[in-house]
Amino acid sequence: MNNDILTLINDVNPDVVRWRRHIHAHPDLSFHEKPTADYIADELSRMPGLEISRPMDNSVVAVLKGEYPGPIWALRADIDALPLQEESGEAFSSTKPNVMHACGHDAHAAMLMGAAAVLCQLRDRLRGSIKFIFQPAEEVPPGGARALVERGVVNDVEYIFGLHMAPNVPTGHIVMKEGIYVASSDNFDIAITGRGGHGSVPHLCIDPVVAGAEMVMALQNVVARNIDPLKAPVLTVATFQAGDSYNVIPNGARLAGTVRTHDAQIREQVKTLMARTVAGVAAAHGAQAEISWQEGYAVGVNHAATGTIAREAIERNFPAQTLILADAPLFGSEDFSSYQQKVPGSFLFIGCGNKEKGTEWGLHNPHFRIDEDALAVGVKTHVALASALLQGGA
Ligand code: NI
């Protein structure tokens, strides 16, 4: 990367740290990010050449039209926080009880603002346009990405890129997984209806506890005995609620849990098999059971074309060994997949772990902190990704 651009990145870095700390101190829960979006829009309005719009009042989209014709590429950040009480000890900790940026979305927003500031200075070399998307509600399905896609925000976009903090990866490294990188994620509820009665006369009852226990075990066989082991999903029953007495067989029981897959067909197959299993086990007990689903995010798939662009951009602009190519997808999920169902895109992870600085707490942990040196890496990554549209490169 040439020195002019590196200087621009260095110059904006104090602002990026300031933006990140402001957003961190003033977190907003999913779907309630209007104050954060207002702050971002206000800061972006000071940058020359950006056309700013608000598809929803908790989102910001800014377009930088280049000097020369060309395609539109999008860079995306999510901006929502989590319902957690912060225990990080940072001086700029959340000012709101039980709301915390514990997934790094404060950093994602600030890094993208920094990239916008840098690229605005390079507008006279830009062939095409860069769309900066600040989206709400990544953490809670149906997610903010889907809402923006439905409003046509990526209809004119050729490629899209997104970044995420990775505290398990040392600062200075960037991780990319080609192809499938995150799982689909759906939650289920199973309501079992039996017939309650005295614990001493089980033969006069239909015991939903026994039916439920058998259901938990039978559901494990959906994965173990019905699905190609090379495509194995995760099926976790995380909740089993029934009864509250020593000698009363309850009327009903409730199971709930999550299913994660790396394959859209398996995602549907698991639902069909679970419905069959739940109905079959209930019938064997003379009980009734109903399963309902809260649909989460689709499988996340990084596109080959954008993967090549990202790999080349990082190899050209960062020291050797910066890029780590992951060999296995995560079982986490990410609503960036909503864009990728519409537009080729790649999602990359920016290392922000540093043992000496104590920034290795996991995502969604109340102690979560980031090594702020990673912010400059994120800004530079965004700029490097966009640099294929810069005349003369970066
Ligand atoms: Ni996140």
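The donor residues of the nickel ion follow the sequence spacing C-x1-H-x58-H, where donors are N, O and S atoms within 2.8 Å of the metal (3.2 Å for Na, K and Ca), and sites may look incomplete because water is not among the atoms. Cys103 lies in the loop between strand 3 (68–78) and helix 3 (105–120) and His164 in strand 5 (residues 159–170), so this pair ties together parts that are 61 residues apart in sequence. The nickel ion is coordinated through Cys103 (SG), His105 (NE2) and His164 (NE2), at 2.1 to 2.3 Å. Both Cys103 and His164 are buried, that is, under 20% relative accessible area with a 1.4 Å probe and protein chains only.

This is a predicted model, in which local features need pLDDT of at least 70 and side-chain atom pairs count only at pLDDT 80 or more, while totals for chains, interfaces and linings use all residues. Residues are numbered from 1 along each chain as its sequence is written, and side-chain values use heavy atoms, with hydrogens and water left out.

An open sheet of four strands has the order 10-12-8-13 with antiparallel pairing; strands (E, at least two residues) and helices (H or I, at least four) are DSSP runs numbered from the N terminus, and two strands pair if DSSP finds at least two bridges between them. Strand 8 (residues 184–193) and strand 13 pair over seven bridges, with Asp189 facing its bridge partner Ser292 in strand 13.

Two helices lie across strands 8, 10, 12 and 13, with contact meaning heavy atoms within 4.5 Å and angles running from 0 to 180 degrees between N-to-C directions of axes fitted to C-alpha atoms, for helices over the stretch in contact.

| Helix | Angle |
|---|---|
| Helix 5 (residues 208–226) | about 170° to strand 10 |
| Helix 6 (residues 264–285) | about 160° to strand 13 |

Definitions and conventions. Buried means under 20% relative accessible area, exposed over 50%, partly exposed in between (1.4 Å probe, protein chains only).
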